[in-house]
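Subject: Structure handover: ligand site and pockets

Hi,

Here is the structure for you to look over. My notes on the ligand site and the pockets follow below it.

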Amino acid sequence: MPSLAAASAAPSTAASSASPVTRAQHDRMANAIRALAMDAVEQAKSGHPGLPMGAADIATVLFTQAMKFDPNDTAWPDRDRFVLSAGHGSMLLYAVMHLLGYPHMTIEEIKRFRQLGSLTAGHPESHVTRGVETTTGPLGQGLANAVGMAIAEAHLAAEFGKDLVDHHTYVLASDGDLMEGISQEAIALAGHLKLNKLVVLFDDNGISIDGPLSLADSVDQVKRFEAAGWAATRIDGHDREAIARALEKARSSSKPSLIACKTTIGFGAPTKAGSEKSHGSPLGADEIKGARERLGWTVPAFEVPADVLASWRSAGQRAAAHHQAWKQRLAALPAEKRAQFEQRLSSKIETQKLAAAVRGLKETFAKTPKEIATRAASELALDALVPAIPELVGGSADLTGSNNTKTKGMTIMSSAAYGGRFIHYGVREHGMAAAMNGMSLHGGIIPYSGTFLVFSDYCRPAIRLAALMGQRVIHVMTHDSIGLGEDGPTHQPVEHLAALRAIPNLNVYRPCDTIETAECWQLAIESEHNPSVLALTRQNLPQLRRGVDADNRCAAGAYEIAPAQGRAQGKADVSLFASGSEVAIAIAAQRLLAERDVAARVVSVPCLDRFLAEAADTRRSVIGDAPVKVAVEAGIRQGWDALIGTDGAFVGMSSFGASAPYQELYRHFGITPEKVAEAALAKLGKS
Ligand SMILES: Cc1ncc(C[n+]2csc(CCOP(=O)(O)OP(=O)(O)O)c2C)c(N)n1
């Protein structure tokens, strides 16, 4: 094992069980975290002091001896990642960042804990605070994000080599994190992929909100992790040397590592330590006074003694030389490889390559129109996009053949081949979606995945966080309506499009044919700060777009795909709005209406979210001023009133589906050209 001297030169690969500080120094450094957490929570009159006080020893050893990072460059690609999965303990992270010398994490920010516009939100928010690696709070998500980060590290290391990519991902997880179901998916995937640079420190304090953990849980976590293929150990989480030793061992493990650290929640608080009373509310003045006495902390609130701060600040600089050496290695690379790496980590994709690939697809589809399902069109799109966009890493939650997310050229990512670009996530939709967030946060990867649209419910908490964080993750969700047929109502999404559209900052695409599918893929890949869902059909659809449009017509979210015949642009008796598989139905209805001398126009709405974000003028001109408006979508009405108003007619679903061949279901539920035409005629008083 490398010596202590080596630890300061190259902290990524080295640490020593012998601490560089004395026990007394360590205690004072850890107590600085405890005091800042107590003080900030007290001042905010809200927050969670228990975890930061209990886990202060773990954090002190981790950040001052094991981790490599540069407070002055939070975007350094080869930094170790730290994920505070138990986001309620946010003051732990803020205190550590302040003590280490992250320039923006000033004492003023600590004093503004939980206040509007501060960098110290109630739970850590990566989109608000540089140096916070992911937004946590919903328990279990951070742990699963970290699995994605470790996957990204392994993948990029395989591609670019360990000279550029060689870092660890550390997680602090609580009882709550490990009780959440998502943790099982994450742990199993990490064990299977042998992500040996993932280290989970479990804050094993035996307390949650309701009281002792024994009220609700009796899992042996060490055995549980071992069963999933992890190296797992149990230590005293207040013993700095045991923590250092365990970390050192974890770093040389061939498996992911769990270190279960026995701690006392609220450590130092005279009456509330070891009790749920310290979990989630200010300790109160008397308790804080008592804690200060016990901890020997004599300075006033928000103050840190100069010697303690100096120790922390010097720890913050431990990796400076390492960072410098990394920069030199990068600079010494052949220009092309360096440019490739910098491009990959910049999160700026090569838009010209993307545009060329999409143009090629549109030309091919225009030349030989195809009547295929949009899931199949998506596969054709991916055949062109995956080679053009090296950031794309695909996968599926055990529905690869149904989701069409694996292109012919893709190889599988495994513990023997991290360079593979397709991940078999197993039947783990939630873990998959959260791991995708982690990959995107890590950088260098645009993850896309596959499952059925109905199982978006199983992914939803992670998709919501992707939207909150503004992460580019792409969910291919096929079998997007009753059009999937015989599998029946358990598998037929009805409310899912509306439910996903309700998530701010998420774009839900539902293309109507091959060309729209290619365009929607382009938009999803270009959306650097939005997650996307591509809702795709199982059943074949006619190709409605025939020419090659230079523009991406889906970009505005809605456009007139079939103008009213014999009328000036936008002038019509009826406007028909539809998405996906129902656009063809609307066009057939347009023909039926023409037979009744009714001029109807059809507006395709591949992305309602994008459309509603357009300027009012654009929206008005696309919606048009036809006196009758009808929307048709094989889902619920919710959301469509923004186009058709409360007076508009809606043809779609208002109940669960049923098990039958899909053509019969469309007839049974009245989603047919005839019913659309009837709805329009009724509104015109012509029925
Ligand atoms: C998904 C989810 N459910 C519920 C909560 C509310 N919550 C916050 S912390 C917590 C449990 C606290 O116990 P533990 O995780 O052991 O943290 P500790 O008490 O040790 O700080 C709960 C239920 C949450 N944040 N996320």
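A polar contact here is a pair of N or O atoms within 3.5 Å; within protein, one must be able to donate a hydrogen and the other to accept it, and residues adjacent in sequence count only if both atoms are side-chain atoms.

Two ground rules. This is a predicted model, with local features needing pLDDT of at least 70, side-chain atom pairs counting only at pLDDT 80 or more, and totals for chains, interfaces and linings using all residues. Residues are numbered from 1 along each chain as its sequence is written, and side-chain values use heavy atoms, with hydrogens and water left out.

A polar backbone atom of Gly176 is 2.8 Å from a ligand oxygen. Gly137 places a backbone N or O atom 2.8 Å from a ligand nitrogen. The protein buries 74% of the 570 Å² that the ligand exposes when taken alone (Shrake-Rupley areas, 1.4 Å probe).

The shell around the ligand counts 15 residues (a heavy atom within 4 Å). His88, Ser174, Gly176, Asn205 and His279 are the closest. Helix H8 (175–179) and strand S4 (207–208) each give at least two shell residues (DSSP runs, numbered from the N terminus: helices H or I, at least four residues; strands E, at least two). By class, the shell has 6 nonpolar, 7 polar and 2 charged residues. Gly counts as polar, while Tyr, Cys and Pro are among the nonpolar set.

Pockets

A pocket is an open set of points on a 1 Å grid over the protein atoms alone, where a 1.4 Å probe fits, with protein on both sides within 12 Å along at least five of seven lines; lining residues have an atom within 4 Å of a point.

The largest pocket holds about 890 Å³ (the space filled by probe spheres set on the points). Its lining has 37 residues, with Ser347, Ser440, Leu441, Gly443 and Gln471 nearest the centre. H15 gives the largest share, 6 residues. By class, the lining splits into 12 nonpolar, 15 polar and 10 charged.

The second largest pocket holds about 290 Å³. Of its 16 lining residues, Leu541, Ser581, Ile585, Tyr662 and Tyr666 lie nearest the centre. Helices H23 (582–595) and H27 (662–668) each supply at least two. The lining has 8 nonpolar, 5 polar and 3 charged residues.

Best wishes
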